[in-house]
Amino acid sequence: MARSSPAGEDEAMVGSLTQERVRRDIEVLSRAGLDMATFLEEADASLRRAVPFRGACVALVDPASLLLTGTYKFGDLHGNDTQDHAWGLIEYGAEDETTSFYELARRGVGAMAMHLETGGDIARSVRMRELIHPYFGYSDELRMIARDGRRTWGALAMFRAIGDAAFTEPEVDFVASLSTAYAVGLRSGLLARLAASPCQAAPTGPAVVI
């Protein structure tokens, strides 16, 4: 007679299979030559199956300067731009914010979650204390840097609300494993956008590039 597995083992197996399917889905999407919006929408729908979250924000990053050049928002955050200026000031102006996208990219971090990073004391983060928690009601944030080799092409922030379970180490590890796929998808989206842009005549005079 076959011995039945405990419920916890069955759930872990189902979770592992779901993560593997999601990883393969996002890797396929990243190499499909999709435009930026389509890639991110499809990836968002797939990622939710493995790691539930309330809202998410994907930031496009210039690989040379690590400056953010654009954002896409999903879930609760879609269309909510009221605090973008305050977010930018904290992201690039808070001296003691060690979990900014810039710092994570500079340090070579793949992914991290605020609840785990702070031992549950998310108020240690200026971003969480002064913006994310009071204005959006989120109690945890998982951040991932989209990196291909040494180049960073973007970053992902996922949020859970008060009353939701905090992000776990296995979830952080799984999201970190998507770093290269997201980077490839974002880079391909940029190339697709350039290819779709109308051709313009090359300038004939001298120019200054900043």
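**Note on the predicted model: cores and salt bridges**

1. Start at L47. Beyond its neighbours within four places in sequence, L47 is in contact with V22, I26, F53, L156, M158, F174, L178 and Y182. Contact here means heavy atoms within 4.5 Å.

2. A word on the source. This is a predicted model, in which local features need pLDDT of at least 70 and side-chain atom pairs count only at pLDDT 80 or more, while totals for chains, interfaces and linings use all residues. Residues are numbered from 1 along each chain as its sequence is written, and side-chain values use heavy atoms, with hydrogens and water left out.

3. The overall layout. The protein has eight helices and five strands. Their order along the sequence is α-α-β-β-α-α-β-α-α-β-β-α-α. Helices (H or I, at least four residues) and strands (E, at least two) are DSSP runs, numbered from the N terminus. Among contacts between residues at least 6 apart in sequence, 66% join residues at least 24 apart.

4. Burial and surface. The protein has 210 residues, and buried ones make up 41% of them. Buried means under 20% relative accessible area, exposed means over 50%, and partly exposed lies in between (1.4 Å probe, protein chains only). The protein exposes about 11700 Å². Carbon and sulfur atoms supply 54% of that area. Accessible areas come from the Shrake-Rupley method with a 1.4 Å probe; for residues, only the protein chains shown count as cover.

5. The largest nonpolar core. It holds 32 residues, and L47, L156, M158 and Y182 touch the most other members. At least two residues come from each of α1 (7-30), α2 (36-50), β1 (55-61), β3 (111-113), β4 (138-148), β5 (151-161), α7 (169-176) and α8 (179-196). Helix α2 gives the largest share, six residues. Another core lies apart from it, with 24 residues, among them W87, I132, Y138 and F159. A nonpolar core is a set of buried Ala, Val, Leu, Ile, Met, Phe, Trp, Tyr and Cys residues joined through side-chain atoms within 4.5 Å.

6. Salt bridges. The whole structure has 15 of them. Each is a side-chain nitrogen of Lys or Arg within 4 Å of a carboxyl oxygen of Asp or Glu. One of them joins the side chains of E20 and R23 (2.6 Å, N to O). Both residues lie in helix α1, three residues apart, about one turn of the helix. E20 is partly exposed at 32% relative accessible area, whereas R23 is buried at 19%.

7. A buried pair. The side chains of E91 and R143 meet in a salt bridge (2.9 Å, N to O). E91 lies in helix α3 (residues 84-93) and R143 in strand β4, so the pair ties together parts 52 residues apart in sequence. E91 is buried, with a relative accessible area of 4%. R143 is buried too, at 1%.

8. A second pair with strand β4. E141 and R127 form a salt bridge through their side chains (2.9 Å, N to O). E141 lies in strand β4 and R127 in helix α6 (residues 126-136), so this pair ties together parts 14 residues apart in sequence. E141 is buried at 1% relative accessible area, and R127 is buried at 0%. E91, E97, R127, E141 and R143 are linked in a network of salt bridges.

9. A surface patch. L67, Y92 and Y102 make a nonpolar patch of about 280 Å². Patches are made of residues with over 30% relative accessible area and no salt bridge: like charges are joined within 9 Å, nonpolar side chains (Val, Leu, Ile, Met, Phe, Trp, Tyr) within 5 Å. Y102 sits in helix α4 (residues 101-107). Y102 is partly exposed, at 33% relative accessible area.
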